Amino acid sequence: MGPLRSVVLCGGGTGGHIYPLLAFADCLRRHDPSVRITCLGTPKGLENELIPPAGYDLRQIPAYQLPRSVNMSLVRTPDRMWKAARAAGKVIDEVQADAVVGFGGYVSVPGYLAAWRRELPIVIHEVNVPPGVANRLGMKFTKNVAVGFPHQPAQAEALRDARVVGVPLRRGIAGLDRAALRDAARAHFGLRPDLPVLFVAGGSQGARSINLAVSGAAKELARNGVQVLHVIGARNEPVSVPTDLPVPYVTLPYLSEMELGYAAADLMLARGGAMTCAEVAAIGLPTIYVPYPHSNQEQKRNALPVVEAGGGLLVDDAEMTPAWLERTVIPLIRDPQRLYAMSHAAAGYGRRDGDVALLNFVYEAVAR
């Protein structure tokens, strides 16, 4: 039996918080099937669609968006926050938690507060620079901070003493052998086994520029024998693709089994979300990153180290045009030696053991 009998996991709102939480929960369960795992979530978050189907207990607590500036909302925050922390505390007491592990998102703060009041070990996992608001608050209550990437401690003062553990990835991705699955993955999508595949997935938000550029380049890509597997994003409007192309151009609104897309691909075109960067680097998939332009540049910071290691290319959203794609993708995807070198470099930067490394860090924190 491991040193943990019961763990509360906090992380919600977006996939960037929930997917590593689920991968870590799976790792906990693999190492100790008897451990009790309880997840905190909010009534509205994406966690409601993802956590219960994965087989984990999800408890809802009220969570309030944290204000980023001083206003009336901030004046009301302490009252709201203690209400949410009381609800989190009831769950922690009921399941007799030994530790709280948080991945960010507003729901994490009540969990951190409740654990701090009970003097329970708190471990925070952060993948962004700068750290999110919730985890920044949590860092006031614990020194047990783990990060996903080696560049984070150097770039953020708050993360200077953090342990680099990598990002917990789902087993289907962490254990993916792209070459072994390639033919089956291509058959699954109706792609030919003998021609290169460009895999395009811009995430659920802000991929319109990517979608328009790729569909605009469809004819030229096809004329050069480049197949396209294009995940448009459930929230984006459909793209119009010419119907008379000589090679397959497959569009999907959403893809839950990303490992199949990764296995089918020779080259990927993506945003620079932390989970995407962690996944494609771990499996050694050469990627062209188009960071989301309207944030604090965190996606550019996520992608830059992989690119500097030789595992991908970086292009500004404003430059993402059909002409740029035709100029860049066609010679690259038809150069197996260059793709191999990029794949090798990406895999050298990425890591597949983030779940186990975080688990060991949690065990250490509890033992202390």
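A residue is called buried when its relative accessible area is under 20%, exposed when it is over 50%, and partly exposed in between. The exercises below apply this and related rules to a predicted model.

**Exercise 1.** Determine whether N128 is buried or exposed, and describe where N128 lies and what N128 touches.

*Solution.* Begin with the location: N128 is found in the loop between β5 (122-126) and α5 (133-138). Next, take the relative accessibility of N128, which is 15%, so N128 counts as buried. Finally, list the contacts: leaving aside residues up to four places away in sequence, N128 touches Q152, L159, A274, E298 and N302.

**Exercise 2.** State which residues the UniProt annotation "binding site" covers, and classify G16 by its accessibility.

*Solution.* According to the unreviewed UniProt entry, the annotation covers T14, G15, G16, N128, R170, S204 and Q299. Of these residues, consider G16, which lies in helix α1. The relative accessibility of G16 is 31%, and therefore G16 counts as partly exposed.

**Exercise 3.** Give the number of aromatic pairs, then classify the pair F24 and F103 and explain what this pair ties together.

*Solution.* Rings pair if their centres lie within 6.5 Å, and the count comes to three aromatic pairs. For F24 and F103, the ring centres are 6.1 Å apart and the planes stand at 55 degrees, so the pair is tilted. F24 belongs to helix α1 (residues 15-31), while F103 belongs to the loop between β4 (99-102) and α4 (108-117); the pair therefore ties together parts that are 79 residues apart in sequence.

Methods. Residues numbered from 1 in each chain as written. Predicted model: local features only at pLDDT ≥ 70, side-chain atom pairs only at ≥ 80, totals over all residues. Heavy atoms only, no water. Phe/Tyr/Trp six-rings, centres within 6.5 Å; stacked < 30°, edge-to-face > 60°. Helix = DSSP H or I, 4+ residues; strand = E, 2+ residues; numbered from the N terminus. UniProt positions renumbered as here; feature names shortened; annotations may be inferred. Buried < 20%, exposed > 50% of the residue type's maximum accessible area, 1.4 Å probe, protein only. Contact = heavy atoms within 4.5 Å.
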